[in-house]
Amino acid sequence: MALSSDSSTSREARAKITIQNVSRSYESTRALADVSLSVTEGEFCCVVGPSGCGKTTLLRAIAGLDDPDGGSILVGGDPVTGPGLDRGMVFQEYALFPWRTVRGNIRFGLDRPACDCPDCEARVRELIDLVGLDGFEDAYPKELSGGMKQRVGIARALAPDPEILLMDEPFGSVDARTRGRLHAELLDIWTQTEQTVVFVTHDIDEAVTLADRVVVMGADPGTVQSTFSIDIERPRERTSRDFVDHVARIREELGSPADTSH
Ligand code: ADP
């Protein structure tokens with residue numbers, strides 16, 4: 001296992017997302033203090049850290065939903081000035097429209113949500129297939145399980161075929177078995193789409209299951225503490241020696257041997 005630095009020249013050269021000295025304060029809270037990080041094109045990057053260390057703030061800043069006080073964020077070399085179709089976001093609490101069906105929610109992610117041309121219809125169909133919601137096209141969110149709701153959230157984020165997928169604890173509210181299935185499905189989708197993924201979680205096992213690299217943040221103020229390359233072949237076996245070792249080292253870095261969840 002490697003404890004690596006983000007300043008590596010090759011990573012900078014292939015950077016899809018470049019975060020440079022980003023700071024964000026809310027009154028007396030320094031949510032992000034001088035955060036720098038590069039995410040390589042096509043990388044699956046997980047961000048872990050204790051509650052309040054600025055994970056969501058960082059993700060929202062990349063999404064263009066929040067404006068940092070200082071520093072810069074570049075996506076594909078261009079400064080982020082607001083939300084864009086090049087970045088899809090998946091939220092923990094699904095954020096679905098309760099009055100729209102599965103089809104309607106997914107359609108909302110398209111560039112032209114009101115359009116029912118054959119191309120848009122075909123794209124919605126393709127997304128429904130991709131996330132395994134065949135047969136539930138006309139169901140409303142209240143009729144779906146947590147895992148199914150999150151499949152809708154993922155399909156909606158994928159609708160405009162973004163180059164970057166930003167995921168904020170997307171599986172925090174689903175049961176462990178469903179979470180395992182969603183991990184496998186997400187990795188399949190990532191392999192197919194070759195997107196750059198930034199995935200926030202407080203669950204180290206989840207991060208080591210998914211990531212090419214795990215970024216560990218520290219709190220008060222929110223900073224990037226260190227990064228770990230996860231050089232384990234996928235699919236990963238949680239009981240393997242390598243897996244357990246990576247989890248233990250990240251846990252040690254976070255400074256809470258028993259439970260780092262909060
Ligand atoms: P995390 O996602 O790691 O739990 P957040 O990014 O949500 O952390 O929050 C980082 C810090 O900033 C926390 O102390 C939080 O209370 C504070 N914070 C986040 N958003 C706001 C806001 N809109 N107003 C005031 N404080 C905020």
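The lining of the largest cavity divides into 6 nonpolar, no polar and 2 charged residues. (Here Ala, Val, Leu, Ile, Met, Phe, Trp, Tyr, Cys and Pro count as nonpolar, Asp, Glu, Lys and Arg as charged, and the others, Gly among them, as polar.) Before going on, note that this is a predicted model: local features need pLDDT of at least 70, side-chain atom pairs count only at pLDDT 80 or more, and totals for chains, interfaces and linings use all residues. Residues are numbered from 1 along each chain as its sequence is written, and side-chain values use heavy atoms, with hydrogens and water left out.

**The cavity**

What's a cavity, anyway? On a 1 Å grid over the protein atoms alone, a cavity is a set of points where a 1.4 Å probe fits but cannot get out, while a pocket is an open set with protein on both sides within 12 Å along at least five of seven lines; lining residues have an atom within 4 Å of a point. The residues lining the largest cavity are V131, R151, I154, F171, L182, E185, L186 and I189. Helix 6 supplies the largest share, 4 residues.

**The pockets**

Now for the open spaces. For volumes, grid points are joined across faces, edges and corners, and the space filled by probe spheres set on the points is taken.

| Space | Volume |
|---|---|
| Largest cavity | about 40 Å³ |
| Largest pocket | about 420 Å³ |
| Second largest pocket | about 210 Å³ |

Of the 16 residues lining the largest pocket, R87, G88, M89, F91 and R156 lie nearest its centre. Strand 7 gives the most to this lining, with 3 residues. (Helices, H or I with at least four residues, and strands, E with at least two, are DSSP runs numbered from the N terminus.) By class, the lining of the largest pocket has 11 nonpolar, 3 polar and 2 charged residues.

Helix 6 turns up again in the second largest pocket, where its 6 residues are the largest share of the lining. That lining splits into 4 nonpolar, 3 polar and 5 charged residues.

**The ligand**

Which residues surround the ligand? They are Y26, T29, A31, P50, S51, G52, C53, G54, K55, T56 and T57. (A residue is near a molecule if one of its heavy atoms lies within 4 Å of it.) Helix 2 gives the most to this shell, with 3 residues.

One is 2.8 Å from a polar backbone atom of G52, and a polar side-chain atom of T57 lies 2.5 Å from an oxygen atom of the ligand.

Conventions
A polar contact is a pair of N or O atoms within 3.5 Å; within protein, one must be able to donate a hydrogen and the other to accept it, and residues adjacent in sequence count only if both atoms are side-chain atoms.
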